[in-house]
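Let's take a walk through this structure together, one stop at a time. Keep the view open and turn it as you read.

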Amino acid sequence: MNSLRMKAAFFAALVLALASVPTTGTAPAHAELTPAPVATATATPTPSAPAAATQTATATQTATQTPTAAPTAEAPAPGADAVQPAPTPSATAGTSPSLTTVESLPPENSGEPFVAHTFENPPPAGVKGAPATASAGMLSTESYSLARQGDIKVRLVLVQLADKKATISQTAAKASITTSSNYWKTMSNGRLSMSVATVESRTSKATSTQRYPDMMNTIATELKWTPNPYTALVVFVSTPTLSDGAYGAGWSYSGTSGRVIMPLPATLTNSVLTHEFGHVLGLMHANSLQCGSGAQDVATKSDGTFADSTCSIREYGDSLDLMGVSQTTQPAISSTLWTYGGFGRGDEVLDAGILKDVKKFTLKAWAGTDARRAVKFTDPVSGEVYFLELRLPVSYDTAKAVNLNSGVKIVQQLGAGSLILLPDSRPFSGYYNPSQTWQAGQTFSTHAGTRVKIDSISATAAAITITAANAVTGVFRDAWLQAGGETSLGYSTSDVTCPYGAAATTTCHQTFQRGVVYSTPGVGTYAVSNTYMSGWKDAGWQQGIGYPTGTASCGLYGGGCYQPFQKGNIYYSTASGAHAVVGVYWNAWRDSGWQPGIGYPTGAPSCGLYGGGCFQPFEKGNIYYSTASGAHAVIGAYWNAWREAGWQPGIGYPTGEPVCGLAGSGCSQSFQKGNVYYTPTTGAHAVSSVYATAWTAAGLQPGIGYPTGAPACGLYGGGCYQPFQKGNIYYSTASGAHAVTGAYWNAWREAGWQPGIGYPTGEPACGLAGGGCSQPFQKGNVYYTPTTGAHAVSGVYATAWTAAGLQPGIGYPIGAPSCGLYGGGCYQPFEKSNIYYSAASGAHAVTSRYFNSWRAAGWQKGVGYPTGPEKCGLWGGGCYQPFQTGNSYYTAATGANMIGQPYREAWRLAGWQSGGLGYPLGAAVAYNGYRTVPFQGGSMIYSSTGVKVVRK
C-alpha cells in the first residue's frame, strides 16, 4: 500500500453510503478531482455488497465488488465501500485546492444515485495514530479549538429548473436542516448549530440535463452567493436525482461554510445533510483497519507503508460513527473526531499520557454525558495515540450499540478522520461489521506491545487494565536489554507467566514479539529469540537440551552464532538456520573440525536408521551414531564411498574420523566392517571384509596401491573383484579373496581368466629355485622369473612339469600352451624344453637331449608324441623316453637316438643293450634300398626281407 494511504492522505476521494439498500441497487460511484470544484461519477448496473474495498494511492481506482447475501434493513447504498482516486497535484495546491468525496444514496427506482462533496480548503492529513499534520510522537490531537462556536446561517433556496417543474417540500427541506443542527448541537455541547436564515423560491436557467456541478454553478451565480464564515447555501432542485444519478453534492470552505445541492427531498435527505455538515465542520470519514492476517494493530514503516503487507485501510469500515458507513441511524462520532473537531465540553476524554507501567481505568457510555468517560493514551514505544470508549445503547448509540457492537471501542486518529481497531481485522462481507467492540476478557495489544485488557463490562461502565509495552522489569528487563531490547526481541506480548503452583525452582517466562525470556532458578534469566526457537523445539525443548544458560553470541566462523543451553548449544547461520548440537554429536562435530570441517548443522538428529542408528545433518556431511560405533561424521568423498559400499548394511557405521598420513598421501576412515581409503588420485573407496584381508596380504598401499572402485560382482562362476591402483582383488566363495597384479594378471589373462585356471587361491610367493615366484590359482599356478616373465602352468602340463623335475628339470614356463600341432597336439614351452600333449599320449616334457632324436625321427609323424617322461637306470647307465611308436635312448657315450619299429623289436630279440649290440648310435640311414641303424656293437639292416642284425 502506498505511503499516502498509510498516512491517510486519502481525502481526495471518500465514499459514503447514507441509507438503506433497495431491492435493486447501483454500482459504486467514483469522483475524480478536476481543476474546478466538480464531482464526476461512473457506474455499472446491478451491484452487490462490496467485499472489503481498500484504499490505495493510485491515479485511478475502481471498487472491488464481491457477491454477498441480500442486504439487511440497514444496508448502505451501493458504492459504500467504493475506492476513490488519490489527489492530483491540483488537489492540494494551485488556484483550485478542492477535494471531492462521493456519498452514494439509493433513492427509489434510481439508476445510480450518489452525493458528491468538495473541500475547497482541504482538511489536514496525518499518519495512523497521530494528530493531523503532526509527527507520530506528538501528544495533542486537537485541531479545532473549543472556542469555535456559532450558528451556521443557511440560505435555503427551492429552485425550479427551466425544463422540469415539481413541488419542492419546504417543510421537508427545513426538517433536514433541523435534524443536522440537533445532532451537531448535541456533539458540540450546544456551541454549533444550523438554522434556516432565509427561504427562497427561484426559477433558474439551469436544466435537469446539466451536470450537477454546472447546475450548481449556474444557480450560485444567479444567486450571487459567496462563502462566508458560519454561512451555508442549501439548494433543492425540482428533479428526483441529479446528473449521473447523484442524490446531492456539496462544497466546503474553512470548516464553517459550505454549499449543498440536493434533488427533491426523500427519506434519506436528513442523513445526507447531517453527514455533509460533518464535512463542513472539518471532519473526514471513520474507517477501519483491515488485515488479511487478522492483526489487531500494525506499525507504519518509515516509508509510510504498513509493516504487515496484508493490512490496509477499509474506508467507511466503522459503522459505530456517523462519519462511517451510511445507515438509517446516526451513532455518535468517535472520540478521535470529537477531540480533533473540538466538540463537547473538553473534559470527556481522559488523557493518560505516555504509559510506563500498569494502570486501571473506568469507561462510561460514550454517547452519555459523563466527564472523563473515555481514555486516550500514548504508547511509550511507538508514540502512537489510542482512544478507548465504551459504546452502550445510550442516546445516539441506542440503535447501533447492541450485541457485539456493544463494548469497548478502540480507535485512533487518522488525519481528520479516524481508524477503528477491531478484535478481528480480517475482511468481512457486506457493509456492516457485526463485531466492532472488545468484550470482557479480551485483550488488545498495540503493535509495540502495550496491552489493553477488558476486565469487565456492565450496563453502565467498563473496567480496563493497560499494561505498557515497557512493563518489563527486574531480571526479565535485564535479559531483554542484554538480548538487544526492542531491536532484537521487539516488545513484550504477555506478562511474566509461571506454571500453576509455581515454586522457587520453577522456570518462568515472558513472551515478546520475536522471542521469549526464560528465568530458571540456579541457571539464570536469558532470552531465546525466534531465530533459535525452532532449533530448541527440534531439540525437544527443555526436556531435550534444558534451558538457556546465556545469550546468543555471534562472530563464529563464517558469520555464525550460537546460544548455550544446559545440555548443548544451538548454532545458527544464515544458510543453515538454527539447530542444536548436543552430547555425542557435539563431540563428533569437534573431532570433525567444527564449522570449517563439516559446516553448521542443518537439522536435528533423526533416528530409525538401519540397526537402530541415528544421524544429524550438517552443511558438508552428516554425523552418524549407533550404540556400538559412537558418533562420527561422514562427509564428502567418504560419504560417497560409504554409499557405494552399501551404507550400514555394507560396512556398518563409522567408528572414527578420517586420518591422513598414510603411504602415498592417503587417508582413511574406519567403519565397523571396513575402512574407506582416500587419495586425491583415486578418490575414496571402501575396503572391507575379505578384500581388506587380501589387501593386507598383498602389501596394502605399497603392494597394490589404493582402491579405485567398489567391489563388483557378476564375474564368471559367481566371482567378484575390487580394483586397486596396481591390480585387482578377486573373490569367489571357493577361492577366497586374493590380489592379482602386474605380470600375474597378464599371465592369468593369457591362461583364459577364470575359465582357464580359476580364481587365485593365494598371494604370490617367492624363493623358488632360480629365484622364481608363483601364485596359486584354483586350476594351476602362475610362475614368474625376471627372465621368463609370468606364465600359468595348469592341468596336465603341471603334472608333466612335475614329472620333468619342475624348475631344476626343464626350467620355468616361457609361454602359454599352444595347440594346432600335428594330430591335434599342443605344447607349452619351458626354459629347457617343451611339454607336449595329445589326447592319446597325455602331456610330457621332451628335453633337449631327446629333442634332436625326436626331430631326426620325423617328430610326431615319425614316432608320435611322448608317452612318458625320461626313465633311467637301464643297463650300462642308459636312459630313455617313450614315444607313441618308438623310444629315444640315451647314454653319455652315444647320445640320444630314436629306435622305432621294426628295429626296436629286433633289438629286443637281440637282448637289448646287454645282448652285444649296446645302444644305438644314430637314426636309420637309407642306402641302396636298405635302411641301416648303427649300434655300439653292430648294426641293424632293414630291407624288404626284414631286419638283419649284424654284430661286429
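One spot to start from is a hairpin, the one made by β13 and β14: six residues sit between the two strands, and among them Gly 383 takes a positive phi near 80 degrees. Before going further, keep in mind that this is a predicted model.

β13 covers residues 374–378, and it pairs with β14 in the antiparallel sense over four bridges. If you want one of the pairs to look for, find Thr 378: its bridge partner in β14 is Val 385. β14 also has a partner in β15, which spans residues 407–414; these two run antiparallel as well and are joined by five bridges. Here a handy pair is Leu 388 with its bridge partner in β15, Ile 410.

Now, is β14 itself mostly covered or mostly open? Strand β14, residues 385–391, is mostly covered, with seven of its seven residues buried. In a regular strand, side chains alternate between the two faces of the sheet. You can follow that along β14: Val 385, Phe 387, Glu 389 and Arg 391 point one way, while Tyr 386, Leu 388 and Leu 390 point the other way. The residues on both sides are buried, Glu 389 and Arg 391 included.

Let's zoom out before the next stop. The protein chain has 952 residues, of which 53% count as buried. Its secondary structure comes to 23 helices and 54 strands.

Next, a sheet. Four strands form an open sheet in the order β12-β19-β18-β17, and the pairing is antiparallel. Which strands stand at the edges? They are β12 (358–364) and β17 (443–445); each has a single partner strand, so one side of each is left without a neighbour in the sheet. Going from one strand to the next, the twist averages 20 degrees. For β12, the partner is β19, residues 461–467, and the two pair in the antiparallel sense over seven bridges. To find your place there, look for Lys 364, which stands opposite Ala 461 in β19.

Helix α3 (residues 170–187) packs with helix α5 (residues 269–280) at an angle of about 50 degrees, and their axes are 8 Å apart. An angle like that is neither roughly parallel nor roughly perpendicular, because those labels are kept for under 35 degrees and for 65 to 115 degrees; α3 and α5 are therefore oblique to each other. Their crossing is right-handed. On the α3 side, the contact includes Ala 175, Ile 177, Tyr 183 and Trp 184, and on the α5 side it includes Leu 273, Thr 274 and Phe 277. Sorted by class, this contact has six nonpolar and seven polar residues, with no charged ones.

Gly 248 is found in strand β7, residues 246–253. Gly 248 is buried, with a relative accessible area of 0%. Ser 668, in strand β32 (residues 666–671), has a relative accessible area of 15% and is buried. Beyond its neighbours within four places in sequence, Ser 668 is in contact with several residues, including Tyr 638, Glu 657, Leu 662 and Tyr 677.

Trp 647 has a positive phi of about 55 degrees although it is not a glycine. Trp 647 lies in helix α14, residues 647–651, and is partly exposed at 28% relative accessible area. Asn 928 isn't a glycine either, and has a positive phi of about 55 degrees. Asn 928 lies in the loop between β51 (925–927) and β52 (930–935), and counts as exposed at 64% relative accessibility, because the cut-off for exposed is over 50%. Last stop: a cis peptide bond joins Gln 901 and Pro 902, with omega about 5 degrees. You'll find Pro 902 in the loop between β50 (895–900) and α23 (903–909).

Key
Residues numbered from 1 in each chain as written. Predicted model: local features only at pLDDT ≥ 70, side-chain atom pairs only at ≥ 80, totals over all residues. Heavy atoms only, no water. Buried < 20%, exposed > 50% of the residue type's maximum accessible area, 1.4 Å probe, protein only. Pairing = 2+ DSSP bridges. Axes fitted to C-alpha atoms, helices over the stretch in contact; angles between N-to-C directions. Parallel < 35°, antiparallel > 145°, perpendicular 65-115°, else oblique. Left-handed = near helix turned anticlockwise from the far one by under 90°. Contact = heavy atoms within 4.5 Å. Nonpolar A, V, L, I, M, F, W, Y, C, P; charged D, E, K, R; others polar.
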